[in-house]
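Hello,

Here is the structure for your files.

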Amino acid sequence: MKKITIRDIAKQAEVSISTVSFVINGKGEKMAISPTVIKKVQDVAQKLQYKPSMIASSLRTGKTRSIGLIVEDISNQFFADLARVIEDEAKNIDYRVFYCSTGDDNNRSEELVQSLLQANVEGFIITPTRNLEKTIGQLLKLQKPVVLIDRYFANQKVSHVLMDNYEASYSATKFLIGKGKKNIAVVNNESGMIQMKLREKGYVEALKEEGIYNEKYTLHLDYHSNEQSRIEAIVNFFKKNKEIDAVLFSANYLGLAGLQAFRILKCKIPEDVSVISFDDHDSFKLHTPTISVIAQPIEEIAVKSIQLLMSQMTSLEDFKIEKVLKKGTLIIRESV
C-alpha cells in the first residue's frame, strides 16, 4: 500500500502543500487559514488515513512522544505483564514505549540509558540495577523525567512506585505461622537490591515476633546462577534441613526452581512443605497442587508510574516527588 503524504492530501483538497502542513501541525488558525479550509484538509487527511511521520514531527517540535522503559528481564512474566500495561496506558495518551531488558547488568543498563537518550525519549520508567544510582542522577541533572518501579535507592530524590515488599512478606510469613508452621525457610537472591532486602526483613521480623526465627533456614542464591545451579542448591538446602515445613520464595523464578527441586526430592506439597512465592506466574496456576503467591498490583503500579511521569513531562519545575507503596495480594491456593 502506498504511503500517504501531505502532497496527496494537498492534491485532493485542492490546496497548497504548505497549507496542509500548517493544518496538520495545528497552526492553521495562527496562519489565518479559514475554518472551512482547515476542516476540508482534516476531512481529506482522515479519509486517506494519513499518519504523520514520527521522525519528521520530532524534528519540527523536538518531541518524540516516546517513553523509555527499562526492566530487569522482559521474559519474566511479572515484567512482561508490567510492560504490557504501561504500553497500553501510554497508547491511551498517544505515546510509544521503547522497552528493553538489563539482565541485572549495570553496564548494559548504562548503555541502554545512553541509547534512549540518543533516541530523544521524553521520559524514563526504570527498574534500576544495583549500581545505576549515578546514571539516574545524571538523568535528573539533565532534567529528564524519571520514575523508578519495583525498586529504588533510599537516598535518591526520585519518584518511585512499587509494592510494599516488607508488608507482603511479613503477612505471608504470619499466615504460615497461623497454619501451625514452625520451621519456615526463605529462599532469596544475593542481589542486595532494596526490594529483596525488604522481603527478607518482613520474613525475619514476623518469625522473631513469635520467637521461632532460625538463621539456618535462609538460603541465598547468586542472582546470575543458571536454573540448574539454583535447583541443585535448593535440593542440597532441603536435604540438610529436612525439618523445614514451609518456605517463602522471594521471586517467581526461585519458586519455579523450588518446585523442580521438590520433584527431585519427592517432597509432597503441602503435606511435607507448604509453599508461597512472590510474583504470580502461569505455571503456579497450572501446577498440581496450585501454588500460593504474593501477587503484585501490576496495573496499579503501571498506571501510577505513567501518571507520575506525565506530571514531570508536563511541568518539570512544579511536580512533586512521590514515593508510592502499593499493597500486594496474598493469594492462597492448594500449596498451604
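The model is predicted, so local features need pLDDT of at least 70 and side-chain atom pairs count only at pLDDT 80 or more, whereas totals for chains, interfaces and linings use all residues. Residues are numbered from 1 along each chain as its sequence is written, and side-chain values use heavy atoms, with hydrogens and water left out.

Salt bridges

A salt bridge here is a side-chain nitrogen of Lys or Arg within 4 Å of a carboxyl oxygen of Asp or Glu. The count by this rule is 14 salt bridges. Helices (H or I, at least four residues) and strands (E, at least two) are DSSP runs, numbered from the N terminus. Buried means under 20% relative accessible area, exposed over 50%, and partly exposed in between (1.4 Å probe, protein chains only).

One of the salt bridges joins Lys40 to Glu14, with 3.9 Å between the closest N and O atoms. This pair links distant parts of the chain, 26 residues apart: Lys40 is in helix H3 (residues 35-47), and Glu14 is in the loop between helix H1 (6-13) and helix H2 (17-24). Lys40 is partly exposed, at 37% relative accessible area, while Glu14 is exposed, at 67%.

Lys39 has a salt bridge with Asp43, where the closest N and O atoms are 2.9 Å apart. Both residues are in helix H3, four residues apart, which puts about one helical turn between Lys39 and Asp43. Asp43 has a relative accessibility of 36% and therefore counts as partly exposed.

Arg151 and Glu72 form a salt bridge through their side chains, at 2.6 Å from N to O. Here too the pair links distant parts of the chain, 79 residues apart: Arg151 sits in the loop between strand S4 (146-149) and strand S5 (159-163), and Glu72 in the loop between strand S1 (66-71) and helix H5 (77-92). Arg151 and Glu72 are both buried. A network of salt bridges links Glu72, Asp150 and Arg151.

Aromatic pairs

Rings of Phe, Tyr and Trp (its six-membered ring) pair if their centres lie within 6.5 Å; planes under 30 degrees apart count as stacked, over 60 as edge-to-face and the rest as tilted. That rule gives seven aromatic pairs.

Among them is the stacked pair of Tyr166 and Tyr170, at 5.9 Å centre to centre with 20 degrees between the planes. The two tyrosines lie in helix H8 (residues 165-178), four residues apart, about one turn of the helix. Tyr166 is partly exposed, with a relative accessible area of 25%, and Tyr170 is partly exposed as well, with 23%.

Phe238 and Phe262 have ring centres 5.0 Å apart and planes at 85 degrees, so this pair is edge-to-face. The pair links distant parts of the chain, with Phe238 in helix H10 (residues 227-240) and Phe262 in helix H11 (residues 252-265), 24 residues apart. Both Phe238 and Phe262 are buried. One aromatic cluster is formed by Phe237, Phe238, Phe249 and Phe262.

Helices H1 and H2

Which residues of H1 meet H2? In H1 they are Ile6, Arg7, Ile9 and Ala10, and in H2 they meet Ile17, Val20 and Ser21 (contact means heavy atoms within 4.5 Å).

Regards
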